[in-house]
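Subject: Structure handover

Hello,

The structure is below, followed by notes on what was found in it. Please read the notes with the coordinates open.

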Amino acid sequence: MSDEIQRSEKFAGELELLYGDDLVSVVLYGSAARGEYRPGVSDLNILVLLKGINPPTLRRGSPLARKWVKGGNQTPLMFGEAEWRGSADVFPIEYSDMRDAHRVLFGIDPFEGMEIDNEHLRLQSEHELRAKLIQLREHYVLSAEKPKELGQLLISALPTFLTLFRTLLRLMGRAVPRESGEVIDAVAAEIGFEPGPFQRVMEARDRKARFAPTADEPVVIGYLTGVSRASEWLDRHDSSAQTP
């Protein structure tokens with residue numbers, strides 16, 4: 001068993017001891033659940049589902065959460081059970097992505113029987129992709145003369161765009177590959193942009209290699225072009241013609 005899975009299961013056991021019967025479910029999601037965890041690069045993402053949630057409940061978990069974060073992990077995502085069930089229309093991108101890559105560490109599978117409306121998914125996707133594209137352009141303007149900053153911008157933005165690319169495949173009615181490289185290739189082929197720049201940025205991130213491209217290098221221009229094409233495709237997309 002991998003170290004990240006062992007650490008996650010240990011944390012789930014500590015949550016069970018802490019919350020007892022109030023704990024409904026503990027779920028690992030994201031890169032570790034997809035089998036793409038990279039030490040020093042990836043996060044361990046944990047969903048904690050409780051019967052109810054309020055300030056005393058959160059305060060009760062504070063020491064354990066602080067210890068978990070101090071170990072280099074992300075703050076656990078905490079929901080009350082009823083709140084969780086009623087939020088699928090608000091966070092369709094996040095729920096879809098978690099549903100497709102998760103591992104139950106304790107309790108029930110919170111995604112079992114959950115339905116995510118395709119129109120909700122499209123609307124959030126359009127908002128998120130357009131907003132992230134605008135932010136990418138703004139930071140590009142500020143970093144264009146600083147190759148190291150520019151390289152870090154592309155690397156730090158990549159996980160968000162990978163999530164959105166997986167969402168686009170769902171809207172197309174396509175199966176979503178577990179490997180991020182295959183996700184990039186699939187979206188690029190459907191929408192019509194060059195996947196190479198995204199693959200190169202992902203390789204630099206995973207290898208923690210020095211990455212300091214100039215503003216006019218193909219990797220930078222191709223990255224921005226690909227995100228723009230994805231936004232244009234989504235703007236034209238009619239979700240009613242697709243299979244949920």
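Which residues of H8 are buried? They are Ser180, Gly181, Val183, Ile184, Ala186, Val187, Ala188 and Ile191, where buried means under 20% relative accessible area, exposed over 50% and partly exposed in between, with a 1.4 Å probe and protein chains only.

Some conventions before the rest. This is a predicted model, in which local features need pLDDT of at least 70 and side-chain atom pairs count only at pLDDT 80 or more, while totals for chains, interfaces and linings use all residues. Residues are numbered from 1 along each chain as its sequence is written, and side-chain values use heavy atoms, with hydrogens and water left out.

Overall picture

The protein chain has 10 helices and 4 strands, taken as DSSP runs (helices H or I of at least four residues, strands E of at least two) and numbered from the N terminus. Their order along the sequence is α-β-α-β-α-β-α-α-β-α-α-α-α-α. The radius of gyration is 19 Å, close to the 18 Å that the globule rule gives for 244 residues, so the protein chain is as compact as a globular protein of that length. The radius is taken over C-alpha atoms, and the rule is 2.2 Å times the number of residues to the power 0.38. Along the principal axes, the C-alpha atoms fill a box of roughly 55 × 45 × 35 Å. Of the 244 residues, 48% count as buried. Among contacts (heavy atoms within 4.5 Å) between residues at least 6 apart in sequence, 70% join residues at least 24 apart.

Helix H8 and what follows

H8 covers residues 180-191, 12 residues in total, and its first and last C-alpha atoms are 16 Å apart, close to the 16 Å expected at 1.5 Å a residue; the expected span is 1.5 Å times one less than the number of residues. Its buried residues pack against helices H7 (147-171), H9 (196-207) and H10 (218-236). After H8 comes Gly192, with a positive phi near 100°.

Lys208, in the loop between H9 and H10, also has a positive phi, near 55°, although Lys208 is not a glycine. Lys208 counts as exposed because its relative accessibility is 56%.

Gly52

Gly52 sits in the loop between strand E2 (45-50) and helix H3 (55-70). At 37% relative accessibility, Gly52 counts as partly exposed. Neighbours within four places in sequence aside, Gly52 is in contact with Thr57 and Gly80. Gly52 and Gly80 are 28 residues apart along the chain, and their C-alpha atoms are separated by 4.4 Å.

Regards
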